[in-house]
Amino acid sequence: DSTITGSYALEEAAEITGGKCYVPQLGPTTMMRGFDRVYDCLSKPDSVTMALRAIRTGGAVSLIGISDMLKFDPTMVWVKLVTLKGSLYYGFHEWEGKKRHVFEIAIDLISKRGLKLDDMVTHKFKLDDYKKMMEVNVNKGKYKAIKTMFVFD
């Protein structure tokens, strides 16, 4: 239900979930309590590390983004008893007793639950600016991009 990014993401996660940040004897700041589920849409070392630090004990982290070789510290998987899942976002799945395409499922979830996704769109481009859009998409970290989209007048 929430989208978080940036250098204060863990503190923001704690505020949203009622969690508490703390610094362990070894390693970076982590959080007690936290999200039930985290969907990591980048699957990069920093984003996976953040997801594992922001998840509650017994929670599930789904790696949605597809990336190259992924290196991360698995300590939080063990300490928090986290379920780590992979997900290929295209195709058909059994949902509510029917075989449905994932995009159809996503649209239903958004409309039925009234999810607000506006904060996920970080960059908007006119069609003529497609080269700049490609630059931003290839270098999402540099531009702090989550999702980009074309806008039409």
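**View 1. Helix H2 lies across strands E3 and E4.** In this predicted model, helix H2 covers residues 45-54 and runs at about 150 degrees to E4, where axes are lines fitted to C-alpha atoms, for helices over the stretch in contact (heavy atoms within 4.5 Å), and angles run from 0 to 180 degrees between N-to-C directions. Helices (H or I, at least four residues) and strands (E, at least two) are DSSP runs, numbered from the N terminus.

**View 2. Three strands form an open sheet in the order E3-E4-E5, with parallel pairing.** Strands of a sheet pair through backbone hydrogen bonds, either parallel or antiparallel; here two strands count as paired if DSSP finds at least two bridges between them. Strand E3 (35-40) and strand E5 (83-86) are the edge strands, each pairing on one side only, and the twist averages 15 degrees from one strand to the next.

**View 3. Strand E4 (residues 55-63) is joined to E5 by 4 bridges.** The two strands run parallel, and Ala60 has Thr83 in E5 as its bridge partner.

**View 4. The largest nonpolar core holds 18 residues.** Such a core is a set of buried (under 20% relative accessible area, 1.4 Å probe, protein chains only) Ala, Val, Leu, Ile, Met, Phe, Trp, Tyr and Cys residues joined through side-chain atoms within 4.5 Å. Met31, Val38, Leu52, Ala54 and Val61 touch the most other members, while H2 gives the largest share, 5 residues.

**View 5. Ala54 and its contacts.** Not counting residues up to four places away in sequence, Ala54 touches Leu10, Ala13, Met31, Gly34, Phe35 and Lys80.

**Notes.** Residues are numbered from 1 along each chain as its sequence is written, and side-chain values use heavy atoms, leaving out hydrogens and water. Because the model is predicted, local features need pLDDT of at least 70 and side-chain atom pairs count only at pLDDT 80 or more, whereas totals for chains, interfaces and linings use all residues.

Methods
Buried means under 20% relative accessible area, exposed over 50%, partly exposed in between (1.4 Å probe, protein chains only).
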